[in-house]
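Subject: The structure I promised you

Hi there,

Here is the structure I said I'd pass on.

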Amino acid sequence: MLFANSSPLLWLSYYGLSLLVIVAVYFTLTCLPRLPRLVLTWTVAGAIWAPATFRLPLIEEGEFYTGWAPSAMVAAVGFLENNGSALRGGLMWLVLGMALGALIGVALWWWRRPNEAEYVTQEEESDDEGESPRRREPVIG
């Protein structure tokens, strides 16, 4: 059950809120052309969605709590605690997630790019104009 354990509910709410952030980033970058907008949006998505493992010492000697967290948070906590291994692991997964996100953005652009425009020669254009000099109104049915 989803409510019996708080960890799945926490991840579900995190990913739900991150979707709102991704949509906001996409619409914020509307002034950019489509390729940079998709690359930047998916790079941010990769940074937000990349998980990393962490290990925290408990009060008892020799016992640790391990789990998963967003890699940006693992790297930030590793930096604040001067924990090199946590910083290295968090940054590795963060950079990997950002690179994968950028590749997804390029792939989406490549997949949905506009096709080459078919050019109409002047001869074909003049033939079309010769058939009906008058404007035709659209007809339903």
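Start with where helix 3 touches helix 4: Ser71, Ala72, Val74, Ala75, Gly78 and Phe79 come from helix 3, and they meet Ala86, Leu87, Gly90, Leu91, Trp93 and Leu94 of helix 4. By class, that contact has 9 nonpolar and 3 polar residues, and no charged ones. Keep in mind that you are looking at a predicted model.

How do the two helices lie against each other? Helix 3 covers residues 71-80 and helix 4 covers residues 84-111; their axes come within 7 Å and cross at roughly 150 degrees. Angles over 145 degrees count as roughly antiparallel, so helix 3 is roughly antiparallel to helix 4. The crossing of helix 3 with helix 4 is left-handed.

Helix 4 has another partner, helix 2 (residues 34-49), and here the angle is about 150 degrees, with the axes 7 Å apart. This crossing, of helix 2 and helix 4, is right-handed. On the helix 2 side, you'll find Arg34, Leu35, Leu38, Val39, Trp42, Thr43, Gly46 and Ala47. Sort the residues of the contact of helix 2 with helix 4 by class and you get 12 nonpolar, 5 polar and 1 charged.

Next, have a look at helix 1 and helix 2. Their axes come within 9 Å and cross at roughly 160 degrees, and helix 1 and helix 2 are therefore roughly antiparallel to each other. Which hand does the crossing of helix 1 and helix 2 have? That one is right-handed. The contact uses Tyr14, Tyr15, Ser18, Leu19, Val21, Ile22, Val25 and Tyr26 from helix 1, along with Arg37, Leu38, Thr41, Val44, Ala45, Ile48 and Trp49 from helix 2. In the contact of helix 1 with helix 2, 12 residues are nonpolar, 2 are polar and 1 is charged.

Now for the pockets. The largest pocket has a volume of about 290 Å³. It has 14 lining residues, and Phe54, Arg55, Leu56, Val74 and Ala86 are the ones nearest its centre. Which elements supply at least two residues each to the lining of the largest pocket? They are strand 1 (51-57), helix 3 and helix 4. Strand 1 gives the largest share of that lining, with 5 residues. By class, the lining of the largest pocket splits into 8 nonpolar, 4 polar and 2 charged residues.

The second largest pocket holds about 150 Å³ of space. Its lining is made of Ser7, Leu10, Trp11, Tyr14, Phe54, Tyr65, Gly67, Trp68 and Pro70. Helix 1 (6-28) and strand 2 (64-70) are the elements that give two or more residues to this lining. As for class, the lining of the second largest pocket has 7 nonpolar residues, 2 polar ones and no charged ones.

Methods. Residues are numbered from 1 along each chain as its sequence is written. This is a predicted model: local features need pLDDT of at least 70, side-chain atom pairs count only at pLDDT 80 or more; totals for chains, interfaces and linings use all residues. Side-chain values use heavy atoms; hydrogens and water are left out. Axes are lines fitted to C-alpha atoms, for helices over the stretch in contact, and angles run from 0 to 180 degrees between N-to-C directions. Helices (H or I, at least four residues) and strands (E, at least two) are DSSP runs, numbered from the N terminus. Angles under 35 degrees count as roughly parallel, over 145 as roughly antiparallel, 65 to 115 as roughly perpendicular and the rest as oblique. A crossing is left-handed if the near helix is turned anticlockwise from the far one by less than a right angle, and right-handed if clockwise. Contact means heavy atoms within 4.5 Å. Ala, Val, Leu, Ile, Met, Phe, Trp, Tyr, Cys and Pro count as nonpolar, Asp, Glu, Lys and Arg as charged, and the others, Gly among them, as polar. On a 1 Å grid over the protein atoms alone, a cavity is a set of points where a 1.4 Å probe fits but cannot get out, and a pocket is an open set with protein on both sides within 12 Å along at least five of seven lines; lining residues have an atom within 4 Å of a point. Grid points are joined across faces, edges and corners, and a volume is the space filled by probe spheres set on the points.
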